[in-house]
Every structure is written in structure tokens, then in C-alpha cells.
Amino acid sequence: MHRRNMLTGVLAGAGGLLAAAASAVRANAQVKPAAPDKSKVVYHLADLDKVNFVLGNIRNHFDGVGGPDKVTIALVVHGPALKAFQISSASQDVAYRVGEFRESGLELNACGNTMAAQKLTLNDLLPGFIKAEQGVVRIAELQSMGYVYLRP
């Protein structure tokens with residue numbers, strides 16, 4: 001009799017383990033969050049010496065996620081970096097990439113405070129820029145809308 005009880009106990013325990021494992025697999029499958037249709041990212045650029053690096057990051061970001069239909073990217077530029085986007089001083093490479101990104105849907109924000117300090121208007125900047133009254137406020141607004149903040 002004792003052997004039967006042991007065998008019954010072993011089989012019941014094994015069955016319980018299998019049931020628990022199956023339940024855990026089902027729970028994990030249900031817990032995984034659905035992938036968002038489109039992620040949102042804001043790049044913060046203030047340093048003139050990082051302009052090409054940040055533009056390269058944006059290109060890599062678009063390519064890495066499968067194109068602009070998979071991600072919404074905003075670029076907020078203020079401080080010395082804004083000089084790189086002035087029509088009068090922008091390199092051909094920067095002008096080309098900004099045009100390409102604009103067509104891909106990149107939101108180009110120029111800080112209004114920086115524009116005033118540098119005596120610039122939107123007409124002085126490469127096409128596609130919009131004026132953000134205060135660049136850092138625009139970054140915070142975008143973050144409050146679910147944008148991930150990146151400052152390379």
C-alpha cells in the first residue's frame with residue numbers, strides 16, 4: 001500500500017509541475033506588451049561639433065527600425081548647433097541630409113530664444129524648420145507626449 005501512495009504522489013506532483021509550467025508559459029505569452037505601431041523619439045542638439053554625429057544617429061535610427069513609417073522623430077536644435085542649419089553657413093552634406101530627413105517626416109525645431117540671440121528668422125534656416133519658442137520647453141512637451149529623449 002505504501003508503494004501505491006508514493007507512486008500516486010509522484011504522478012500527482014509531476015502533473016502539478018507540468019500544469020504549473022504550462023500556466024507560466026500562457027501567462028508569459030499574455031503579459032508581453034504589444035509592440036507599438038510607431039515609436040516616438042526626440043533628439044536634442046545644442047553642440048555645433050555634434051551636428052554630423054546626431055544627423056548620422058537619425059539616419060541610423062530610421063534605417064534600424066525599418067524606415068520613417070516605423071518611427072516619428074523630432075530634432076530640437078538650440079545654442080551653437082543652430083549655426084550649422086543656417087542657409088548661409090550650412091555644408092552641402094548637412095543641407096542634403098536635412099532635406100532628405102524633412103521628406104521622411106523629421107520634425108525640425110529651432111529654438112526661438114536662440115534664433116533671437118543670433119538674430120535669425122526661419123527664412124535664414126534650411127527649409128523645413130519650425131520655430132519652438134523655447135527649445136527646452138519643446139523637448140519637455142514632446143516627452144510629455146510619449147517621446148523618448150536622446151541627447152547623443
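With which residue does Asp 47 form a salt bridge, and how far apart are the closest N and O atoms? In this predicted model, local features need pLDDT of at least 70 and side-chain atom pairs count only at pLDDT 80 or more, whereas totals for chains, interfaces and linings use all residues. Residues are numbered from 1 along each chain as its sequence is written, and side-chain values use heavy atoms, with hydrogens and water left out.

The partner of Asp 47 is Arg 151, with the closest N and O atoms 3.8 Å apart, a salt bridge being a side-chain nitrogen of Lys or Arg within 4 Å of a carboxyl oxygen of Asp or Glu. Asp 47 lies in the loop between strand S1 (39–45) and H2, and Arg 151 in the segment after strand S5 (148–150), so the pair ties together parts that are 104 residues apart in sequence; helices (H or I, at least four residues) and strands (E, at least two) are DSSP runs, numbered from the N terminus. Arg 151 is partly exposed, at 42% relative accessible area, on a scale where buried means under 20%, exposed over 50% and partly exposed in between (1.4 Å probe, protein chains only).

Across the whole structure, 7 salt bridges are found, including one between Glu 100 and Arg 59, whose closest N and O atoms are 3.4 Å apart. Because Glu 100 lies in helix H3 and Arg 59 in helix H2, this pair ties together parts 41 residues apart in sequence.
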